[in-house]
Amino acid sequence: MIMPPGPIITLTTDFGDADGYVGAVKGVILAICPQANIVDIAHHIAPHDIIQAAMALAAAAGYFPPGTVHAAVVDPTVGTDRRRIVALTEKAFFVGPDNGIFGLVFRDQAPARIFSVENMQFALKGTATTFDGRDVFAPVAAYLANGLDPAEIGPEIENPVPLAWPDNVIGADGILGAVVTTDRFGNLISSIHYRDLPEGCASFVVSIKDRRVPGPVVSYYQDAGQTAGEGYYALFGSSGYLEIACPGGSAEKQLSARRGDIVEVRW
Amino acid sequence: MIMPPGPIITLTTDFGDADGYVGAVKGVILAICPQANIVDIAHHIAPHDIIQAAMALAAAAGYFPPGTVHAAVVDPTVGTDRRRIVALTEKAFFVGPDNGIFGLVFRDQAPARIFSVENMQFALKGTATTFDGRDVFAPVAAYLANGLDPAEIGPEIENPVPLAWPDNVIGADGILGAVVTTDRFGNLISSIHYRDLPEGCASFVVSIKDRRVPGPVVSYYQDAGQTAGEGYYALFGSSGYLEIACPGGSAEKQLSARRGDIVEVRW
Amino acid sequence: MIMPPGPIITLTTDFGDADGYVGAVKGVILAICPQANIVDIAHHIAPHDIIQAAMALAAAAGYFPPGTVHAAVVDPTVGTDRRRIVALTEKAFFVGPDNGIFGLVFRDQAPARIFSVENMQFALKGTATTFDGRDVFAPVAAYLANGLDPAEIGPEIENPVPLAWPDNVIGADGILGAVVTTDRFGNLISSIHYRDLPEGCASFVVSIKDRRVPGPVVSYYQDAGQTAGEGYYALFGSSGYLEIACPGGSAEKQLSARRGDIVEVRW
């Protein structure tokens, strides 16, 4: 009960749970770092959906103990010359493709240093070009968990690729944003964070697709007395983003809404 | 190989595997109890489906070593004043909302004491109201794994909310029950347990939706000689409930059956 | 950080993530071998799909450290008299039904000895017949991880059931194979391995369903400059099999292709 636990390596991917890709990544890690405590954050990210992966990682990473290594691999252009990076924040290590996947988590914990993975002695030998999750990111994460100095992995860089996140338009009396993803419950999660509102702003109106959301903002998804599936309303979700939800049902279905639909807050 | 392993915390949720919710729960647990051995029981419980969660937990919990902490979070009314509970049986701890989710496992291991989680010093600080899995149940599970006395968490209660399970009608010559869930293989699992039948009762007729299931009860899903997808029959599944199955196919599809459809046993 | 880690047991099943079946397996393992490091390879294998399970296991098993115990359970005829086996290669142990599920991994690491599981003292006591994953394979895997000599489990056998894998037709100027599975990204994976081609063969034409795949073979799924979802092409995937893929889209959908469709290579 009081032994020192192994180092933590988390995984966030779009590999699913049917093809053995996640298993291969875990095998590589355990062969290099047998003490690793491998923790799944998410593997059913929609294929190639970098925004969804960035949100899942940002929803979870901040809760892990200091020193955790987070590997995130949604990597549609694997095999091309896109960069691979290792980032070091004051709290954690991040390993993955340089495509914006760390764009949200870097808002919460700014990277102190970012390195381009170029020293291929830390990669698996082989001819495969399409599975850097297994061949590059897994071994690099495992060596970092073993104590490798990230500076040995390659040259430092300063300009990671930003996340393709909608630019909110913030005005004097409101904010224009957009739906960025839908969670498993059909909640429509917008790009508008409670920190984007004026401090103390308690009274405002929310619209989605030009339909006014009945107010005020609530603090639960469903009250025991509500009829499941009827109506919709707004709330700030567990990561701080404004959401449109339907009690016991799916706001996504009820509003036929999807990524990119306009969400507006007006005060 | 002979080190003392860390304490086990299992997770049963409807959080899925794409939004980072499970990852956040795991991070919170590991920050409080780094030695925890976190074991996923199920995360693709249908959203808000307390019955399915209760069945998954009951199918698994009894097999874990003594002292395991089971956190189960299907919690549609999170954020309202529904209670949160910690239950202590002779074998394990259970942590989750007071909505019936432990109703089946309590049939196998009766709770010796149940506490209402009211001492919020064990919760995460923050303003979120919609994610008690992360903010309350995860830290409470982790502190229990660290050895916290459950009596410190809040006052003892005696009347946990029962599970919304169909009431079987047991007569002199038969039982009326219902389909309670369908598993991944399309097997229709009923509310009728083999313990509900008279002892030694070996000859009986099963019906579903007023259609007689060809008998007798069998002991396998598919024999190598059967044509996949043809016919259906009854058996007692691995948790002891009467099921209707189709060899190599889905009884759910073949019979267009679903939760609530009547299942009858007559002897 | 330098403690000796527990033994590794991997799981590959078609149990999904909603019914508690995987949880029961894990509980049984941990009750027998508390030090086990249980690693999920895949649980969303399509129900009864032995070929997909064989591919997932073969894609991952070779990367694990020596001594790993791999339990693989896709077992449509559980409860009948089909055999259960334990195989020992120079690198690992394999536990599961004798139905071909180990057919691909045995190409990479030939089994030195195979035993039929017949000594039921290592099984759970009970009356269930339909869940050998929980009642037989999980305890046997856990005892093996504890150091049990596989010869104690039952008699040695020599003729495991082969995998139902398409027989490639290899001629002087080409190979006829077939689509064996589709991965999560819609990539059509064929039965043709790069080892099946003549050594040094660099120029060849690929066809699927009598449609010529534009050549040459590429080394990435999508270049940043390509339009997502347009066109298709061939490449050798991360396990060495020839695949037909669509940049940023699904070749399965674009070509309306599925398992069994003919894939041809001609040089």
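Me: What percentage of the 267 residues in chain A is buried?
Reply: This is a predicted model. A residue counts as buried when its relative accessible area is under 20%. In chain A, with its 267 residues, the buried share is 60%.

Me: Why is chain A as compact as a globular protein of that length?
Reply: Chain A holds 5 helices and 15 strands. For 267 residues, the globule rule gives 18 Å. The radius of gyration is close to that, so chain A is as compact as a globular protein of that length: the value is 20 Å.

Me: What box do the C-alpha atoms of chain A fill?
Reply: The box is taken along the principal axes. Its dimensions are roughly 55 × 40 × 40 Å.

Me: What share of the contacts in chain A with a separation of 6 or more comes from residues 24 or more positions apart?
Reply: A contact needs heavy atoms within 4.5 Å. Among contacts in chain A with a separation of 6 or more, residues 24 or more positions apart account for 65%.

Me: Which are the edge strands of the open sheet in chain A?
Reply: The sheet has 7 strands with mixed pairing, in the order E2-E1-E3-E5-E4-E6-E7. An edge strand here pairs on one side only. In chain A these are strand E2 (37-42) and strand E7 (156-157).

Me: Which residue in E7(A) is the bridge partner of Ile114(A)?
Reply: Strand E6 of chain A covers residues 113-116. E6 and E7(A) run antiparallel, joined by 2 bridges. In E7(A), the partner of Ile114(A) is Ile157(A).

Notes:
Residues are numbered from 1 along each chain as its sequence is written. Chains are lettered from A and ligands numbered from 1 in the order in which they are written. This is a predicted model: local features need pLDDT of at least 70, side-chain atom pairs count only at pLDDT 80 or more; totals for chains, interfaces and linings use all residues. Side-chain values use heavy atoms; hydrogens and water are left out. Helices (H or I, at least four residues) and strands (E, at least two) are DSSP runs, numbered from the N terminus. The radius of gyration is taken over C-alpha atoms; the globule rule is 2.2 Å times the number of residues to the power 0.38. Buried means under 20% relative accessible area, exposed over 50%, partly exposed in between (1.4 Å probe, protein chains only). Two strands pair if DSSP finds at least two bridges between them.
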